Amino acid sequence: MTARKDKTKSKDKKAQRLAETTDVSPRQAKELMKTHGTDSPKVEKEAKNFKAEG
């Protein structure tokens, strides 16, 4: 597996975990991670706020 595929797979796993823990869709989780970063507590906070607003 190439480094690029590993990176994509890792992001997909993180997005899936974010989706499961915050109850947003995996697609929404990926968009939030793109905007707010992948490993920050801010992205989890934003996901929870996103779900509360929507």
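Biologist: What should I know before I start?

Modeller: The model is predicted: local features need pLDDT of at least 70, side-chain atom pairs count only at pLDDT 80 or more, and totals for chains, interfaces and linings use all residues. Residues are numbered from 1 along each chain as its sequence is written, and side-chain values use heavy atoms, with hydrogens and water left out.

Biologist: What is the mean pLDDT of the chain?

Modeller: pLDDT is the predictor's confidence in each residue, from 0 to 100. Here the chain has a mean of 86. A value of 70 or more is reached by 94% of its residues.

Biologist: In which helix is confidence highest, and in which lowest?

Modeller: Helices (H or I, at least four residues) are DSSP runs, numbered from the N terminus. Confidence is highest in H2 (residues 26-36), with a mean of 93. It is lowest in H3 (residues 41-53), with a mean of 84.

Biologist: Which residues of H2 are buried?

Modeller: Buried means under 20% relative accessible area, exposed over 50%, partly exposed in between (1.4 Å probe, protein chains only). In H2, Ala29, Leu32 and Met33 are buried. Seen down the helix axis, they fall within an arc of 100°, so they line one face of H2. That arc is taken from the directions from the helix axis to the C-beta atoms. The face turned away carries the exposed residues Arg27, Lys34 and Thr35.

Biologist: Which residues make up the largest nonpolar core?

Modeller: A nonpolar core is a set of buried Ala, Val, Leu, Ile, Met, Phe, Trp, Tyr and Cys residues joined through side-chain atoms within 4.5 Å. The largest one here has nine residues: Ala15, Leu18, Ala19, Val24, Ala29, Leu32, Met33, Val43 and Ala47.

Biologist: How many salt bridges does the structure hold?

Modeller: A salt bridge is a side-chain nitrogen of Lys or Arg within 4 Å of a carboxyl oxygen of Asp or Glu. The structure holds three. In one, aspartate 12 meets lysine 30 at 3.2 Å, N to O. Aspartate 12 is in H1 and lysine 30 in H2, so the pair ties together parts 18 residues apart in sequence. In another, glutamate 44 pairs with arginine 17, with the closest N and O atoms 2.9 Å apart. Glutamate 44 is in H3 and arginine 17 in H1, 27 residues apart.

Biologist: Where is threonine 22, and what does it touch?

Modeller: Threonine 22 is found in H1 (residues 3-22). It is buried, at 7% relative accessible area. Contact means heavy atoms within 4.5 Å. Not counting residues up to four places away in sequence, threonine 22 touches Glu44, Ala47, Lys48 and Lys51.

Definitions and conventions
Helices (H or I, at least four residues) and strands (E, at least two) are DSSP runs, numbered from the N terminus.
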